[in-house]
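This briefing is for a reader new to the structure. Please look at the sequence and the model first; the notes follow by topic.

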Amino acid sequence: MEFKNPLFFLLLIGLVPYIVWYVMKYKQSLPSLKVPDATKYACVPKSFRIYLLHVPFALRLLLLALVVCVLARPQSKHSWNDTDVEGIDIMLAVDVSTSMLAQDFKPNRVEALKSIAQKFIEKRPNDNIGLSMFAGEAYTQCPLTTDHAVLMSLYNNADCNMAMRGIIDDGTAIGDGIMNAILRLKDSEAKSKVIILLTDGVNNSGNISPLTAAEIARKYGIRIYTIGIGRNGMAPYPLPTGGTAMMPVEIDEGTMTQISSKTGGRYFRAQKNEELDAVYQDIDKMERTKFNVKQYSRRNELYAPFALAAMLILLLEIILRTVVLKRLP
């Protein structure tokens, strides 16, 4: 613990003259009575109030000291901790095209994937994980990081309706999504580098074909696990005017399988959340890399215990002065 304003402790010097003043005042206020012999008063029992006579003054000193501590603003320290952990580098490449708003997953595919990603990330606290999103074009939502709280915050705050509103091109640029993830992984020194591609459609836009992107990933030693999202047959899609319409589910499983096989990964078809357990188990078998992680510790205000103690002491002093040690005029 450290103090933001330590100069306030100079106020404690003022307690010295306050103590001197109290001692002098106490001596002057003592009543005196001249008697020839005081021996008969020696056995007179002392009241418990005699022992409490100076307690209010001691409480006042402690109260003032606590107030000074509050003014000095005690805080926890900023700190960096270096920790060696073992993990792998993973980029999640997530399709956010308008077709991902289909409601065969509840409430829709996009929101269901967020829940899946949350469980996936929680199971690997030591992995470097990043997030790439794509529709008709690709962008990085979060670079590789071990701060998974920030990662999930960025994922949850991602606007997955950008394609519907025309902010980015709609479509399914699987190749661009893979390339965006490759750019984040290609310089990594990890022994195991993984792209988990989640999409529900067929590549129909972008500047690079999925198989070409897979070949580039293979040259960089990156494995791609592809996951086809959506149930077989028809799926309900929301309409801009309200309501839903049934649309066919189209997933290019042949291309997805080729992407995985080229890079040493696997293809999965996910029609419900539980089917992703096979992906988790496969990735857990991969070789992990030891790397150094710097963890930052935030500074927090710690004045509350001092302020609470000061209030309790003030209350106790008032009770002693007005009830237990009350004096008649």
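Val-67 lies in helix H3, which spans residues 55-71; helices (H or I, at least four residues) and strands (E, at least two) are DSSP runs, numbered from the N terminus. The model is predicted, so local features need pLDDT of at least 70 and side-chain atom pairs count only at pLDDT 80 or more, while totals for chains, interfaces and linings use all residues. Residues are numbered from 1 along each chain as its sequence is written, and side-chain values use heavy atoms, with hydrogens and water left out.

- Val-67 is partly exposed, because its relative accessible area is 37% (buried means under 20%, exposed over 50%, partly exposed in between, with a 1.4 Å probe and protein chains only).
- Together with Phe-8, Leu-11 and Leu-71, Val-67 forms a nonpolar surface patch with about 320 Å² of accessible area.
- Such a patch takes residues with over 30% relative accessible area and no salt bridge, joining like charges within 9 Å and nonpolar side chains (Val, Leu, Ile, Met, Phe, Trp, Tyr) within 5 Å.
- A salt bridge is a side-chain nitrogen of Lys or Arg within 4 Å of a carboxyl oxygen of Asp or Glu, and accessible areas come from the Shrake-Rupley method with a 1.4 Å probe, where for residues only the protein chains shown count as cover.
- Arg-73 sits in the loop between H3 and strand E2 (74-75).
- Although Arg-73 is not a glycine, its phi is positive, at about 55°.

**Strands E5 and E6**

- Strands E5 (residues 128-134) and E6 (residues 138-145) pair in the antiparallel sense over five bridges; pairing requires that DSSP finds at least two bridges between two strands.
- Three residues make up the hairpin that joins E5 to E6.
- Ile-129 has Thr-145 in E6 as its bridge partner.

- Asp-104 is in the loop between strand E4 (89-95) and helix H4 (109-122), and it is buried because its relative accessible area is 5%.
- Beyond neighbours within four places in sequence, the contacts of Asp-104 include Arg-109, Gly-230 and Arg-231 (contact means heavy atoms within 4.5 Å).
- Gln-271 belongs to the loop between strand E11 (267-270) and helix H10 (277-284), and at 26% relative accessibility it counts as partly exposed.
- Gln-271 and Gly-230 are 41 residues apart along the chain, with their C-alpha atoms separated by 5.3 Å.
- Leaving aside neighbours within four places in sequence, Gln-271 is in contact with Phe-105, Gly-230, Arg-231 and Asn-232.
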